[in-house]
Amino acid sequence: MADIRDDEGVIHEHRADYPAYPASVTAARRRVRRLVQGWGLGELAPDVELVVSELVANAVLHGCPAGRLFRVRVVVTVAALPIEVVDSCPERLPQERTAGADDQFGRGLLIVARLTDRWGVAEEPFGKGKAVWCEFDRRPQVGASSW
């Protein structure tokens, strides 16, 4: 996610750190869903919840040693809803892959790519980790005069 500056119309921002344990996937997913709904973006909540679940699961499974912290950041700007998950393992970059019909894993980034308008990976400063980010464009509702 590109750095969001104050002059880019930040409306809401939330950051939370979680330990790299499986229970954090559920905790992060639920928290972000409640936030997005509370910010008046309920129409995006199901997709945001699924994307956060996939990105956080990747951080827990591949991005952090057990018990280390990762960060989830959600921002609402005038034009977009960016999300990033920052973990402590810069050398393990996520890659889209094709999962077979019987594979249990391997579809997460395909889901992220399908549901969001953009996604990518950015190295954190000083090489201490990476941020996997995505963005949902904010689109005006049909018949609505403003966002």
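Trainee: Is Tyr18 buried or exposed?
Mentor: Tyr18 is buried, because its relative accessible area is 6%, and the cut-off for buried is under 20%. Keep in mind that this is a predicted model.

Trainee: How many aromatic pairs does the structure hold?
Mentor: One aromatic pair. The rings are those of Tyr18 and Phe70, with centres 5.7 Å apart and planes at 25°, so the pair is stacked.

Trainee: Why quote both a distance and an angle?
Mentor: Because a pair of aromatic rings is described by the distance of the centres and the angle of the planes. Here the angle of 25° makes the pair stacked, since stacked needs planes under 30 degrees apart.

Trainee: Which elements do Tyr18 and Phe70 sit in?
Mentor: Tyr18 is in strand E1 and Phe70 in strand E2. The two are 52 residues apart, and the pair links distant parts of the chain.

Trainee: What about Phe70, buried or exposed?
Mentor: Phe70 is buried, with 1% relative accessible area.

Trainee: And how far is Phe70 from Pro19 in space?
Mentor: C-alpha to C-alpha, 6.4 Å, while the separation in sequence is 51 residues.

Trainee: Moving to the core. Which residues touch the most other members of the largest nonpolar core?
Mentor: Val48, Val56, Phe70, Val72 and Leu81, out of 32 residues in that core. Phe70 therefore turns up here as well, besides being a partner in the stacked ring pair.

Trainee: Which elements give two or more residues to this core?
Mentor: Strands E1 (10–19), E2 (69–77), E3 (80–87) and E5 (130–137), plus helices H1 (23–38), H2 (45–63) and H3 (108–115).

Trainee: Which of them gives the most?
Mentor: H2, with eight residues.

Trainee: Staying with H2, is Glu49 buried or exposed?
Mentor: Glu49, which lies in helix H2, is buried at 18% relative accessible area. The value is under the 20% limit, so the label holds.

Trainee: What is Glu49 in contact with, leaving aside neighbours within four places in sequence?
Mentor: Arg29 and Arg33. The side chains of Glu49 and Arg33 are also joined by a polar contact of 2.6 Å.

Methods. Residues are numbered from 1 along each chain as its sequence is written. This is a predicted model: local features need pLDDT of at least 70, side-chain atom pairs count only at pLDDT 80 or more; totals for chains, interfaces and linings use all residues. Side-chain values use heavy atoms; hydrogens and water are left out. A nonpolar core is a set of buried Ala, Val, Leu, Ile, Met, Phe, Trp, Tyr and Cys residues joined through side-chain atoms within 4.5 Å. Buried means under 20% relative accessible area, exposed over 50%, partly exposed in between (1.4 Å probe, protein chains only). Helices (H or I, at least four residues) and strands (E, at least two) are DSSP runs, numbered from the N terminus. A polar contact is a pair of N or O atoms within 3.5 Å; within protein, one must be able to donate a hydrogen and the other to accept it, and residues adjacent in sequence count only if both atoms are side-chain atoms. Contact means heavy atoms within 4.5 Å. Rings of Phe, Tyr and Trp (its six-membered ring) pair if their centres lie within 6.5 Å; planes under 30 degrees apart count as stacked, over 60 as edge-to-face and the rest as tilted.
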